[in-house]
Amino acid sequence: MNSGWELFVIDFTANRHERLTSFGISLIAPAWSPVEDRMAIAMSKDEDIKIFSMSSAGKILRQITKGWNTIDGSPSFSPDGTRIAYMSGRTGTTQIYVIDVDGSNNRRLTFNDRSNETPSWSPKGDKIAFASRDRDGYLDIFVTDVEGKTEPSRLTYDTRNNEDPAWSPDGRFIAFSSDRSGNSHLYRINKDGSNLDQLTEGTGSYENPAWSPRL
């Protein structure tokens with residue numbers, strides 16, 4: 001029997017879902033290309049986790065990231081579909097990297113000594129939002145330029161976790177999840193860190209926000 005996480009696609013127009021993979025290994029964090037009918041996924045391989053390119057029919061097309069004893073995850077496409085931001089623990093701490101979709105030009109973007117996670121590419125393509133642990137061990141939202149020429153800007157300051165940033169389609173806002181009130185809820189903040197709004201209420205946990213294409 002297969003074990004591990006497999007991928008499914010939901011067709012909302014036909015109200016049905018389709019299984020894409022039956023590999024028997026874990027496939028996680030799928031991200032659709034904005035310009036091609038394919039996706040990037042994190043897949044376990046030889047006890048490591050690497051980023052792969054997969055067709056919409058579930059066929060593995062290419063291994064994008066390489067290396068031994070590394071865990072790569074959370075791929076995020078650039079708006080033009082030519083590059084992928086991802087997180088990797090290949091240096092001992094989890095950092096953000098950028099790589100071309102063909103596996104070339106792998107470049108480290110963050111250089112602090114703390115964990116950096118869940119990159120999200122801005123619609124304009126010039127910024128990447130991500131979550132980084134502060135020295136108290138909690139996650140906060142940061143934004144950095146894609147070329148890494150300036151220090152990342154910190155958007156949240158809190159004594160709890162703020163994570164999973166997601167840019168609005170017009171690039172004005174960033175949605176994220178936070179457990180600052182106890183349970184995880186969704187929040188929205190301006191791209192400069194101003195005007196924080198809580199979007200969800202209730203006793204459940206709300207995580208991993210995603211914007212509709214039309215706001």
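Phenylalanine 173 counts as buried because its relative accessibility is 12%, where buried means under 20% relative accessible area, exposed over 50% and partly exposed in between (1.4 Å probe, protein chains only). Tryptophan 211 counts as partly exposed because its relative accessibility is 25%. This is a predicted model, in which local features need pLDDT of at least 70 and side-chain atom pairs count only at pLDDT 80 or more, while totals for chains, interfaces and linings use all residues. Residues are numbered from 1 along each chain as its sequence is written, and side-chain values use heavy atoms, with hydrogens and water left out.

**Aromatic pairs and charges over rings**

- Rings of Phe, Tyr and Trp (its six-membered ring) pair if their centres lie within 6.5 Å; planes under 30 degrees apart count as stacked, over 60 as edge-to-face and the rest as tilted.
- The count by this rule is four aromatic pairs.
- One of them joins tyrosine 86 and tyrosine 97, which are stacked at 5.6 Å centre to centre with 20° between the planes.
- This pair links distant parts of the chain, with tyrosine 86 in strand 8 (residues 83-88) and tyrosine 97 in strand 9 (residues 95-100), 11 residues apart.
- Both tyrosine 86 and tyrosine 97 are buried.
- Phenylalanine 173 and tryptophan 211 also count as stacked, because their ring centres are 6.5 Å apart and their planes are at 15°.
- That pair too links distant parts of the chain: phenylalanine 173 belongs to strand 16 (residues 173-178) and tryptophan 211 to the segment after strand 18 (197-198), 38 residues apart.
- A charge sits over a ring if NZ of Lys or CZ of Arg is within 6 Å of the ring centre and within 35 degrees of the ring normal.
- Arginine 188 lies over the face of phenylalanine 173, 4.5 Å from the ring centre.
- The charged end of arginine 90 sits over the ring of tyrosine 97, at 5.6 Å from its centre.

**The chain as a whole**

- The chain has zero helices and 18 strands, where helices (H or I, at least four residues) and strands (E, at least two) are DSSP runs numbered from the N terminus.
- Its radius of gyration is 17 Å, close to the 17 Å that the globule rule gives for 215 residues, so the chain is as compact as a globular protein of that length.
- That radius is taken over C-alpha atoms, and the globule rule is 2.2 Å times the number of residues to the power 0.38.
- The C-alpha trace spans about 45 × 40 × 35 Å along its principal axes.
- Of the 215 residues in the chain, 43% are buried.

**Open sheet 3-4-5-6**

- Four strands form an open sheet in the order 3-4-5-6 with antiparallel pairing; two strands pair if DSSP finds at least two bridges between them.
- Strand 3 (27-32) and strand 6 (60-63) are at the edges with a single partner strand each, so one side of each has no neighbour in the sheet.
- Four bridges join strand 3 to strand 4 (residues 38-45) in the antiparallel sense.
- Alanine 31 has alanine 40 in strand 4 as its bridge partner.

**Open sheet 7-8-9-10**

- Another open sheet has four strands in the order 7-8-9-10, again with antiparallel pairing.
- Its edge strands, strand 7 (72-77) and strand 10 (107-108), each pair on one side only.
- Strand 7 and strand 8 run antiparallel and are joined by four bridges.
- Aspartate 72 has serine 88 in strand 8 as its bridge partner.

- Seven of the seven residues of strand 13 (residues 139-145) are buried.
- Leu139, Ile141, Val143 and Asp145 are buried on one side of strand 13, and Asp140, Phe142 and Thr144 on the other.
- Strand 12 (residues 127-133) runs antiparallel to strand 13, and seven bridges join them.
- Phenylalanine 142 in strand 13 is the bridge partner of phenylalanine 130.
- The hairpin of strand 12 and strand 13 has five residues between the strands, and glycine 137 there takes a positive phi near 95°.
- Two bridges join strand 13 to strand 14 (residues 153-154), also antiparallel, and phenylalanine 142 stands opposite arginine 154 in strand 14.

**Asparagine 161**

- Asparagine 161 is in the loop between strand 14 and strand 15 (162-167).
- Asparagine 161 counts as buried because its relative accessibility is 17%.
- Leaving out residues up to four places away in sequence, asparagine 161 touches Arg133, Gly137, Tyr138, Leu139, Ser177, Ser178 and Asp179, where contact means heavy atoms within 4.5 Å.
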